[in-house]
Amino acid sequence: MIIIHVMGGLGNQLYQYALYEKLRSLGKHVKLDLYAYKEAAGEEREWRPLELEWLEALQYEVCTMEERQRFLDNSMKPADRIRRKLTGRKDRTVRERAAYMPEIYEMDDVYLYGFWGCEKYYADIIPLLQEKITFPESRNPRTAEVLRAMAEENAVSIHIRRKDYLTVADGKRYMGICTDAYYESAIRYITERVERPVFYIFSDDPAYAKAHYCQENMHVVDWNTGRESMQDMALMRHCRHNICANSTFSIWGARLNGHPDKIMIRPLHHDNYETLDAQTACAYWQGWVLMDADGNVCEM
């Protein structure tokens, strides 16, 4: 059996679910560990909700506490250390330590801890994920109105994530990636290839979005909040093309987009700690247009 630790917000939860489906496609017996949202307390507990539960069509196996403890036999109490030495049992955690770790395909009886965000993991099962990951119908009539408009337009999503990325804690890691030059270049790239595009702006800072994206063919979507926030991802997937932030949320909006001729644009790097060179990043994200902070298109 393989157990996958689930953590983070909706975008990261979907990555961990996607790895579940990938390993199942290889014939593995896989379960998800929801401990961080269910039983955990204190620093171990996730502060965000388990949004996978809100995607009612998703089906997955969940490990028991007994199975979790069997894989994570890592107590440092003297008695437990002696018992492990006598029985030969050990902690079976495999932590994500690289952008792409194909060796996990060959593993079994391990506990996988990481985000697993590389496109290369899932390239061959994207149609399966698009079929299985569906969103509940929005109760807001404005969402239905936008969906009808998108069906008649060359709709393009633009995701701008600001608020948590501007804090001292996250700023060092995430800022300086999605610059004005990045967005300007991405919009230009779309405009040169798409006839009469209509841009839909999604942001955690709608006031900023309205002030900076106010052209006639630009519309800020600002009504999906709280549990309805996932409706932004649902709308992104219905656009014909997607301009993503360095955010798993909009990456999934683009990945779930089923238009065969879609253009998906994302930043070259997701955060400032990445060490991937442009050539390797492009190889890992085939089918995507990768742009750096200066707005340059990166190629293999």
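A word on the source first. This is a predicted model, in which local features need pLDDT of at least 70 and side-chain atom pairs count only at pLDDT 80 or more, while totals for chains, interfaces and linings use all residues. Residues are numbered from 1 along each chain as its sequence is written, and side-chain values use heavy atoms, with hydrogens and water left out.

I start with the sheet. Four strands form an open sheet in the order β2-β1-β4-β3, and the pairing is parallel. Helices (H or I, at least four residues) and strands (E, at least two) are DSSP runs, numbered from the N terminus. Two strands count as paired if DSSP finds at least two bridges between them. The edges are β2 and β3, the latter at 93–95, and each of them pairs on one side only. On average, neighbouring strands of this sheet are turned by 25° against each other, direction ignored. For such angles, axes are lines fitted to C-alpha atoms, for helices over the stretch in contact, and the angles run from 0 to 180 degrees between N-to-C directions.

Now β1, residues 2–5. Three bridges pair β1 with β4 in the parallel sense. Across that pairing, I3 has Y111 as its bridge partner, and I2 has V110. Towards β2 there are four bridges, and β1 and β2 also run parallel. There, I2 stands opposite V30.

Are the faces of β1 covered or open? Both are covered: I2 and I4 on one side, and I3 and H5 on the other, are all buried. Buried means under 20% relative accessible area, exposed over 50%, and partly exposed in between, with a 1.4 Å probe and protein chains only.

Next, the helix pair. Helix α9, residues 230–238, packs on α10 at an angle of about 40°, with the axes 7 Å apart. The contact (heavy atoms within 4.5 Å) is made on the α9 side by M230, D232, M233, M236 and R237, and on the α10 side by F249, S250, W252 and G253.

Last, the salt bridges. The whole structure has 17 of them, each defined as a side-chain nitrogen of Lys or Arg within 4 Å of a carboxyl oxygen of Asp or Glu.

Helix α10 supplies a partner for one. R255 forms a salt bridge with E119, with the closest N and O atoms 2.5 Å apart. R255 lies in α10 (248–255) and E119 in the loop between β4 (110–113) and α4 (126–132), so the pair ties together parts that are 136 residues apart in sequence. R255 is buried at a relative accessible area of 2%, and E119 is buried at 6%.

R68 and D33 meet at 2.6 Å, N to O. This pair links R68 in helix α2 (65–71) to D33 in strand β2 (30–33), 35 residues apart. Both R68 and D33 are buried.

Which residue does E192 pair with? The partner is R193, at 3.5 Å between the closest N and O atoms. E192 is exposed at 57%, and R193 counts as partly exposed at 47%.

Finally, E21, R24 and K132 are linked in a network of salt bridges.
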